[in-house]
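The stops below are in walking order.

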Amino acid sequence: MTAHEIDYRIFGEEMQFVEIELDPQEGVIAEAGSFMMMDNGIKMETIFGDGSKKDSGFLGKILGAGKRILTGESLFMTAFYNTLSGKQCVSFASPYPGKIVPIDLTEFNGKFICQKDAFLCAAKGVSVGIEFSKRLGRGLFGGEGFIMQKLEGDGMAFVHAGGTMAKRVLQAGEVLRVDTGCIVGFTKDVDYDIEFVGGIKNTVFGGEGLFFAKLQGPGTVYIQSLPFSRLADRVLASAPRAGGKDKGEGSVLGGLGNLLDGDNRF
């Protein structure tokens with residue numbers, strides 16, 4: 001498997017986008033909805049699966065598309081090719097506040113495992129597949145279910161982490177305990193399991209759930225500070241309820257205050 005060799009630049013701080021520079025005939029694949037902008041010489045093509053050589057043939061493409069359904073993604077991916085003789089650029093944006101993480105698969109022995117919605121884009125030739133959990137507890141309580149995404153190949157891939165991203169390189173036998181929703185991804189040699197929090201007070205009143213994710217080295221782990229589920233919960237908690245009051249800025253004027261400060265919803 002030989003992926004296209006792409007160059008890139010990442011712009012921004014909290015709401016980042018990645019600009020991919022393509023040489024003539026080079027390509028990049030991306031999730032539907034992540035496209036931001038492209039130069040005039042870029043051709044866009046909707047494809048089944050990820051377009052890698054592993055999905056060659058009609059049956060391979062069907063299986064590749066089926067894998068994407070299992071991970072909750074669309075049947076289709078979008079490929080972007082440079083059709084001109086000079087360098088051209090195409091850009092992809094992060095879906096919510098956070099960081100875009102470049103993953104050079106050659107540094108991780110050709111495989112990286114990530115949560116289902118972390119993948120953003122990759123060089124043409126990188127395989128985007130599924131990783132089944134072989135442990136019942138991890139599948140039921142691990143926060144990511146039985147299925148995660150795996151990125152395979154020898155090219156660049158880009159994943160998205162919510163909030164601020166932390167990178168930890170674990171030595172052999174070193175253990176890191178993480179909130180199950182905060183995992184972005186890890187290398188193939190990391191042992192991933194779940195662990196009961198323990199203690200009646202911690203379980204009932206701790207507010208952190210019943211289980212930790214237990215990551216044991218050797219390998220590299222990427223952790224996010226703001227999982228999208230946590231962000232969505234906060235937004236939902238602040239949304240106005242039917243027949244109730246919304247969480248505003250605390251104005252004693254109530255609805256009149258909203259009208260005066262510009263927050264005038266009709």
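Which residues does F92 touch, not counting residues up to four places away in sequence? Select F92 and look around the side chain: the residues in contact (heavy atoms within 4.5 Å) are F17, V18, I20, V28, A30, S34, F35, M36, F80, I100, L120 and C121.

Before moving on, note what kind of model this is. It is predicted, so local features need pLDDT of at least 70 and side-chain atom pairs count only at pLDDT 80 or more, while totals for chains, interfaces and linings use all residues. Residues are numbered from 1 along each chain as its sequence is written, and side-chain values use heavy atoms, with hydrogens and water left out.

**The cores**

Together with F92, they have the most contacts inside the largest nonpolar core, which has 38 residues. A nonpolar core is a set of buried Ala, Val, Leu, Ile, Met, Phe, Trp, Tyr and Cys residues joined through side-chain atoms within 4.5 Å. Buried means under 20% relative accessible area, exposed means over 50%, and partly exposed is in between (1.4 Å probe, protein chains only). Another core, of 14 residues, lies apart from the largest one; to find it, select L176, C182, V221 and I223, which are among its members.

**The whole chain**

Zoom out and switch to a cartoon view. The chain has five helices and 19 strands; these are DSSP runs, numbered from the N terminus, with helices being H or I of at least four residues and strands E of at least two. Of the 266 residues, 43% count as buried. Among contacts between residues at least 6 apart in sequence, 76% join residues at least 24 apart.

**Aromatic rings**

Next, select F11 and F17. Rings of Phe, Tyr and Trp (its six-membered ring) pair if their centres lie within 6.5 Å; planes under 30 degrees apart count as stacked, over 60 as edge-to-face and the rest as tilted. The structure holds seven such pairs. In the pair of F11 and F17, the centres are 5.0 Å apart and the planes are at 15 degrees, so the pair is stacked. F11 is partly exposed at 28% relative accessibility, whereas F17 is buried at 17%. Then select F35, F80 and F92, which ring pairs link into a cluster.

**A nonpolar patch**

Strand 4 (residues 35-38) gives the most to the patch, with four residues. M38 lies in this strand and is partly exposed, with a relative accessible area of 35%.

**Salt bridges**

How many salt bridges are there? The count comes to eight, where a salt bridge is a side-chain nitrogen of Lys or Arg within 4 Å of a carboxyl oxygen of Asp or Glu. Select R9 and E19: their closest N and O atoms are 2.7 Å apart. R9 lies in strand 1 (residues 7-11) and E19 in strand 2, so the pair ties together parts that are 10 residues apart in sequence.

Now select K87. Its side chain meets E21 in a salt bridge (3.9 Å, N to O), and K87 also meets D23 in one (2.5 Å, N to O). Salt bridges that share partners join E21, D23 and K87 into one network.

**Backbone stops**

Most residues other than glycine have a negative phi, and most peptide bonds are trans. Select Q25, in the loop between strand 2 (17-22) and strand 3 (27-30); its phi is positive, about 70 degrees, although Q25 is not a glycine. Q25 counts as exposed, at 57% relative accessibility. N109 also has a positive phi, near 55 degrees, and is in the loop between strand 8 (98-104) and strand 9 (111-114).

For the last stop, select G217 and P218. A cis peptide bond joins them, with omega about 20 degrees. P218 is in the loop between strand 18 (211-216) and strand 19 (219-224).
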